[in-house]
Structures are given as C-alpha cells and as structure tokens.
Amino acid sequence: MEELISVLREECDAYDKLLDLSLKKTPVIVSEDLKELERITDEEQAAVSNINRLDKKRQTATADIANVLNMDVQTLKLKTIIQLMAKRPEEQKALEEVYDRLHQSVHQVERVNRENAELIKSALDMVHFNMQLIQSARTAPENANYNRGAVSTGEALGTEDHSFDAKQ
C-alpha cells in the first residue's frame, strides 16, 4: 500500500510540473515565440514520459494489491481500494488525499491544455486567413483598362497606386 501511495505522490508532482509548463506555454503562444514554445514542448514531452513511467509503476502496485485482495485488476479502481482500507484509517486517509490531489492536478492540466489548443487554433486560423488574403490579392481579377492598341493593360483590381489628385 505504501508503494502505491508513494507512486501516486510522485505522479502528482509530475503532473504539477506538467501544469507549470502548460501555464508557461500560454503567454508564449500568445507572443508567438516559436523557439521558447519548442523548448517548453520538449520539456513537456520529458514530463509526459516520466508520467507514463510512473503510471506503469502505479499499475504494477495496483496489480499487486489486486492479487492480495483476490480481485480482478481490470475492475479494481483507486476509489475501491480507498473504501476497502476502512480498517486502516491512516493509510485510507493518505490514499484518499493523494487521489484527490492527483484528480485535481489532472483536471487542471486538461483545462490549460484545452485553452492552449484554442489559442493555437486561433493563431492557425489567422495565418490561414492572411494567406488567403495574400493569395486573393495576387489573383485579383483584371480591370477593363485598355491601352492605345486596344490591348488589356493586365492590371489587377485594387493593386494600382492611386494617389489623391489635387488638380481636380
């Protein structure tokens, strides 16, 4: 049981680190600092790898508890383990506290990641809009201006430099 509690505490710390990185990423996305975004993303990947490693340790500890309790590891949840620990109130309380902390950390990371994803989507939409605007300016329809030889001048609408004529 102590192994499970220890692993869950480590997992909480890892999620807190991931949350800090995600929070640092938000202003970087807004400021469009790609180098800093890349650095933070690399750190996030390392944090996620650590979380995956800890998750495997947690699954092993949970499987050991399931074997001792003669229960199916697939259906055994942390909430169930907490309820089964009624005869050991100190461990039950410690497990419940770390479970609540982990649950809260995971939800905070999810919330910040959703916000960051929306910011990135907005930035990509703006880039797409600007690219469309530039492309449409290059492919603007030609006007109906002809030169003396009755040949179209080939000028695109809205691309000529019209300055104010003060003589009129």
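T62 sits in helix α2 (helices here are DSSP runs of H or I with at least four residues, strands are runs of E with at least two, and both are numbered from the N terminus). With a relative accessibility of 8%, T62 counts as buried (buried is under 20% relative accessible area, exposed is over 50%, and partly exposed is in between, using a 1.4 Å probe and protein chains only). A polar atom of the T62 side chain lies 2.8 Å from the backbone oxygen of R58. Apart from neighbours within four places in sequence, T62 is in contact with L4, V73, L76 and I81 (contact means heavy atoms within 4.5 Å).

All of this comes from a predicted model, where local features need pLDDT of at least 70 and side-chain atom pairs count only at pLDDT 80 or more, while totals for chains, interfaces and linings use all residues. Residues are numbered from 1 along each chain as its sequence is written, and side-chain values use heavy atoms, with hydrogens and water left out.

Stepping back to the chain as a whole, the secondary structure comes to four helices and zero strands, and the pattern along the sequence reads α-α-α-α. Of the 168 residues, 26% count as buried. Among contacts with a separation of 6 or more, 56% are between residues 24 or more positions apart. The chain exposes about 12300 Å², with carbon and sulfur atoms supplying 53% of it (areas come from the Shrake-Rupley method with a 1.4 Å probe; for residues, only the protein chains shown count as cover).

Helix α1 covers residues 2-31, and its 30 residues should span 44 Å at 1.5 Å a residue; the end C-alpha atoms are 45 Å apart, so the two values agree (the expected span is 1.5 Å times one less than the number of residues). After α1 comes E32, with a positive phi near 60°, even though E32 is not a glycine. E32 belongs to the loop between α1 and α2 and, at 60% relative accessibility, counts as exposed. N70 is exposed, with a relative accessible area of 72%.

The largest nonpolar core has 31 residues, and those with the most contacts inside it are L4, L8, Y15, L18, L78, I81 and L95 (such a core is a set of buried Ala, Val, Leu, Ile, Met, Phe, Trp, Tyr and Cys residues joined through side-chain atoms within 4.5 Å). The elements giving two or more residues to this core are α1, α2 (34-69), α3 and α4 (89-138), and α1 provides the largest share, 11 residues. As for Y15, contacts beyond four places in sequence are with I51, L102, S105, V106 and V109.

Two further residues round out the picture of the helices. E91, in helix α4, is buried, with a relative accessible area of 16%, and touches M1, E2, I5 and M85 once residues up to four places away are set aside. L84, in helix α3 (residues 78-84), is partly exposed at a relative accessible area of 45%.

Now for the charged side chains. A search of the whole structure finds 11 salt bridges (a salt bridge is a side-chain nitrogen of Lys or Arg within 4 Å of a carboxyl oxygen of Asp or Glu). One of them joins R101 and D13, at 2.6 Å from N to O. This pair links distant parts of the chain, with R101 in helix α4 and D13 in helix α1, 88 residues apart. R101 is partly exposed at 33% relative accessible area, and D13 is partly exposed at 45%.

D125 and K121 meet in a salt bridge of 3.0 Å, N to O; they are four residues apart in α4, so about one helical turn separates them. D125 is partly exposed at 41% relative accessibility, as is K121 at 44%. Elsewhere, E11, D55 and R58 are linked in a network of salt bridges.

Methods. A polar contact is a pair of N or O atoms within 3.5 Å; within protein, one must be able to donate a hydrogen and the other to accept it, and residues adjacent in sequence count only if both atoms are side-chain atoms.
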